[in-house]
Amino acid sequence: MSSYVVRRLFQAVPLLLIITFIAFGIIQSTGDPLAAYTVEASLTSDDIARLRAYYGLDRPLPLQYLSWLKNMLTGNWGTSYYTRENVVDMVLNRLPNTLLLVAVSYALTLSVAVIVGIATAVRQYSLFDHLVTGLTFIGIAIPNFWLGLMLIIVFSVQFKGAGLPYFPVGGMYDHRVGPSFGQFLWHVILPAATLSFVMTAQYIRYIRSSVIEQVHLDYVRTARSKGLTEIVVLGRHVFKNALLPLITLIALDVPNILSGTIVIESIFAWPGMGRLFWSAAERTDIPVLMATLVFVSTVTVMSNMLADLLYAVVDPRIRYT
């Protein structure tokens with residue numbers, strides 16, 4: 001197992017280098033990072049040229065990338081072209097907020113999807129199964145940005161207008177109250193529900209299919225013939241073997257959930273990595289954009305490797321040599 005992990009880590013290095021080089025080239029082609037300075041009346045063309053030379057933007061693209069890569073590997077991720085803040089500090093300040101939002105969303109998704117997915121599988125073709133299937137198709141088709149806006153209109157605007165308790169529409173806490181665990185829970189409900197809605201619908205479909213495939217196999221009939229209760233059969237035997245497709249889905253869904261936070265954090269003014277990326281993309285702030293892309297790429301590669309390792313934990317027949 002250890003040799004497999006080491007081999008996968010070595011394979012991840014050139015992959016990440018290729019990803020960062022392509023991303024660096026795409027970002028450079030999206031616009032001029034110093035475009036905002038050109039509209040400043042007090043700056044002359046010579047001032048802009050000096051800024052371009054200061055940031056190394058006057059050099060060929062490969063040299064710019066090598067310079068960025070050298071600085072990144074030595075821990076110097078640069079400073080924002082606009083806020084002049086250290087990029088590492090900006091990422092570390094925003095990263096916990098995004099991880100909290102993603103963790104709550106995944107907890108909500110899995111808690112609902114596992115229970116409902118198994119229930120629909122054991123009651124295949126029942127009225128409950130048909131109802132949930134219809135709702136999941138609707139859930140998969142709904143864009144999360146539209147859903148977020150609808151939740152704000154209903155549970156924030158309409159509830160407030162009706163004199164009912166309403167959910168906040170932005171931030172992580174009320175600045176008049178201050179940060180607290182209760183404030184975090186109250187503010188995270190709408191963005192987490194929006195982020196997990198489509199995921200929950202997808203996961204229910206996958207879990208239902210996996211459980212249906214398992215419940216008709218011989219080992220399940222053997223477990224039932226031994227007198228085991230249905231809960232034990234489903235929980236200890238069926239669900240464990242149905243986990244492999246779910247693990248694959250979660251690993252492949254990590255980049256989608258991280259990219260989904262860009263829209264959700266912008267709608268709900270959530271101070272996380274997604275909102276940081278969006279504001280940096282609007283201004284072609286290369287150091288900030290590259291830092292967030294490196295983080296997302298690394299998490300994606302590591303999540304796929306972790307999924308492979310979890311296969312061996314869930315299914316003892318799988319061995320990596």
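**Figure 1. S105 touches A192, L195, S196 and M199, leaving aside residues up to four places away in sequence.** Contact means heavy atoms within 4.5 Å. The model is predicted: local features require pLDDT of at least 70 and side-chain atom pairs pLDDT 80 or more, while totals for chains, interfaces and linings use all residues. Residues are numbered from 1 along each chain as its sequence is written, and side-chain values use heavy atoms, with hydrogens and water left out. S105 belongs to helix α5; helices (H or I, at least four residues) and strands (E, at least two) are DSSP runs numbered from the N terminus. With a relative accessible area of 0%, S105 is buried. Buried denotes under 20% relative accessible area, exposed over 50%, and partly exposed the range in between (1.4 Å probe, protein chains only).

**Figure 2. The protein chain comprises 13 helices and zero strands.** Along the sequence, the pattern reads α-α-α-α-α-α-α-α-α-α-α-α-α. The C-alpha atoms of the protein chain fill a box of roughly 85 × 65 × 35 Å along the principal axes. Of the 321 residues in the protein chain, 40% are buried. Where contacts join residues at least 6 apart in sequence, 71% of them link residues at least 24 apart.

**Figure 3. The largest nonpolar core contains 42 residues.** Such a core is a set of buried Ala, Val, Leu, Ile, Met, Phe, Trp, Tyr and Cys residues joined through side-chain atoms within 4.5 Å. Y106, I118, Y203, I207, V211, V238 and I257 touch the most other members of the largest nonpolar core. At least two residues of this core come from each of α5 (87-122), α7 (144-161), α8 (181-215), α9 (218-225), α10 (230-241) and α11 (243-267). Helix α8 supplies the largest share of this core, twelve residues. V211 is in contact with I118, A121, V238 and A242, residues up to four places away in sequence not being counted. Another core, of 25 residues, lies apart from the largest one and has F24, Y55, M273 and M290 among its members.

Figure 4. On a 1 Å grid over the protein atoms alone, a cavity is a set of points where a 1.4 Å probe fits but cannot get out, and lining residues have an atom within 4 Å of a point. Grid points are joined across faces, edges and corners, and a volume is the space filled by probe spheres set on the points. The whole structure holds one cavity of 30 Å³ or more. W68, M72, W77, P287, M290, A291 and V294 form the lining of the largest cavity. By class, the lining of the largest cavity has seven nonpolar, no polar and no charged residues. Ala, Val, Leu, Ile, Met, Phe, Trp, Tyr, Cys and Pro count as nonpolar, Asp, Glu, Lys and Arg as charged, and the others, Gly among them, as polar.

**Figure 5. The largest pocket has a volume of about 390 Å³.** Of its 19 lining residues, Y55, N71, G78, Y81 and P287 are the closest to the centre of the pocket. A pocket is an open set of grid points with protein on both sides within 12 Å along at least five of seven lines. Helices α1 (2-29), α4 and α13 each supply at least two residues of the lining of the largest pocket, and α4 gives the most, with four residues. This lining comprises nine nonpolar, eight polar and two charged residues.

**Figure 6. Helix α1 has 28 residues and reaches 41 Å from its first C-alpha to its last.** That span is close to the 40 Å expected at 1.5 Å a residue, where the expected value is 1.5 Å times one less than the number of residues. In α1, the residues Y4, R8, A12, L16, T20, A23, F24 and I27 are buried.

**Figure 7. Y125 has a positive phi of about 65° although it is not a glycine.** Y125 sits in the loop between α5 and α6 (127-141) and is exposed, with a relative accessible area of 60%. A269, likewise not a glycine, has a positive phi of about 50°. A269 occupies the loop between α11 and α12 (273-283) and is partly exposed, at 27% relative accessible area.

**Figure 8. R224 lies in helix α9.** With a relative accessibility of 34%, R224 counts as partly exposed. R224 is in contact with V215, E230 and V233, leaving aside neighbours within four places in sequence.
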